[in-house]
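Visitor: I am new to this structure, and I would like to be walked through it slowly. Could we begin with the picture itself?

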Amino acid sequence: MTQGPLTTEAGAPVADNQNSETAGIGGPVLLQDQHLLEKLAHFNRERIPERVVHARGAGAYGTFTVTGDVTPYTRAAFLSEIGKETEVFLRFSTVAGNLGAADAVRDPRGFALKFYTEEGNYDLVGNNTPVFFIRDAIKFPDFIHTQKRDPYTGSQEADNVWDFWSLSPESTHQVTWLFGDRGIPASYRHMDGFGSHTFQWNNEAGEVFWVKYHFKTDQGIRNLTQAEANRLAGEDPDSHQRDLRQAIERGEYPTWTVGVQIMPAADAATYRFNPFDLTKVWPHADYPVIEFGRLELNRNPENIFAEVEQSIFSPAHFVPGIGPSPDKMLQGRLFGYGDAHRYRVGINADHLPVNRPHATEARTHSRDGYLYDGRHKGAKNYEPNSFGGPHQTDRPLWQPVAVTGLTGDHPTPVHAEDNDFVQAGNLYRLMSEDEKGRLIDNLAGSLSQVSRDDIVDRAVNNFRQADGDFGKRLEAAVQALRG
Ligand code: HEM
């Protein structure tokens, strides 16, 4: 079925889309060829800045369904009754690679989930890992610089990666995780997701709970070995993206069982680990995972640029009953994302179809800016007003948190059992003999590319502090490879 004549951007019919207009046969091209000029100019402006991290990704829409009663812990309306459904959009990603990079690489995977709730959009911008490399946002740009291209060589450099990790011993837990079996998922469907940070839930009575989210894949965990990933990354750079789209096209909708660890607020001060330290998990024996939902992805985006590249997720997008914790990484992220969106997509990014609320509407007095669509029509743009404008509720989304002491550049507080290595050691000792062997091989493969002995020694020493056997075996494996 024809859609009618091709037109210019202004809708006028185009006579010729094959030959540009010239001054006579074989002559120079004329400036009056509006269709040609417009076409070339639009083409030059097709790209927007790619995400500074997590540039490479794939997304899908779906449904979140409540399966367990969490109303004693949160007053969030979308969690208010069993069976309640909320539309979601999830964008998966890798972290370090640029927009065109291969999917099958050793890297954390982003797990960014937008719930289109009736109280506004709630974004949970997590990863497939329960912990992270650092615990203070002030180190994030430095960390990412070591993961990205070196300013001189233009490539990712093992020297930079291991220099930073070895000098940041708090990364030992996440690095042990990343070089273990789960470091290269076979697809986005075959991995778990985590909110990673601790967040606040608060109930109708105003009681506070600290929570950690878990999304357990119902497809089962499947991973690639380093050798399998190396091959796949070359043969099919789009492997994860294609797998997700095709599974949904086949009607094989991926699902995750959603759970939460819940800590009563009073426990936080004396818990054996600092519950707001992103380099640590809460052992399930201390706080079991309570199931409360099911996530299903069931609809592919129709246009990748509009719905995936322009999608924005912010850890600062909370809804009533949910809020931040004092985690210093999370606090930094509350600023970082909105700022990135304003730069990357523009001041009206929140109002694009994929980003705007779907189950309510945004009612602000903010106006105008690039690409404003006039959605407020003639409504007054100030407050207070007596023309029926939107008004404040006087009820904060989350409860206040008690603070003590003086302002200052304070390190994250250390609790009774906290140090940088204890949970890395526990993770290592949990692994089977085979898993340990692959972990050592993967780490040694990467560490042996480092050019300086002192960096290698410092890195090995961190793993030795996690577990003596871990350090000894890694040292031997690196030596064998470096000769
Ligand atoms: C203070 C530390 C961090 C900072 C400053 C930071 C900053 C950013 C920025 C600027 C982006 C690009 C946003 C955009 O252009 O739309 C991004 C993307 C992302 N970050 Fe972080 N990040 C931090 C830590 C983390 C952590 C700990 C996680 C997971 C637990 C995480 C998960 C993600 C994900 C999943 C995305 C991709 C979102 C999407 O799909 O659009 N980040 N981050």
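Visitor: How many nonpolar, polar and charged residues does the shell around the ligand have?

Guide: This is a predicted model, in which local features need pLDDT of at least 70 and side-chain atom pairs count only at pLDDT 80 or more, while totals for chains, interfaces and linings use all residues. Residues are numbered from 1 along each chain as its sequence is written. Ala, Val, Leu, Ile, Met, Phe, Trp, Tyr, Cys and Pro count as nonpolar, Asp, Glu, Lys and Arg as charged, and the others, Gly among them, as polar. By these classes, the shell has 12 nonpolar, 11 polar and 4 charged residues.

Visitor: Which element gives the most to the shell around the ligand?

Guide: Helices (DSSP runs of H or I, at least four residues) and strands (runs of E, at least two) are numbered from the N terminus. At least two shell residues come from each of β2 (85-94), β3 (109-117), β4 (120-127) and α8 (328-344). The element that gives the most, with 8 residues, is α8.

Visitor: Why is the chain said to be as compact as a globular protein of 483 residues?

Guide: The chain has 12 helices and 10 strands. The globule rule, 2.2 Å times the number of residues to the power 0.38, is set against a radius of gyration taken over C-alpha atoms. The chain is as compact as a globular protein of that length because the rule gives 23 Å, and its own radius of gyration is close to that, at 25 Å.

Visitor: What are the rough dimensions of the box that the C-alpha atoms fill?

Guide: The box is taken along the principal axes. Its rough dimensions are 80 × 65 × 50 Å.
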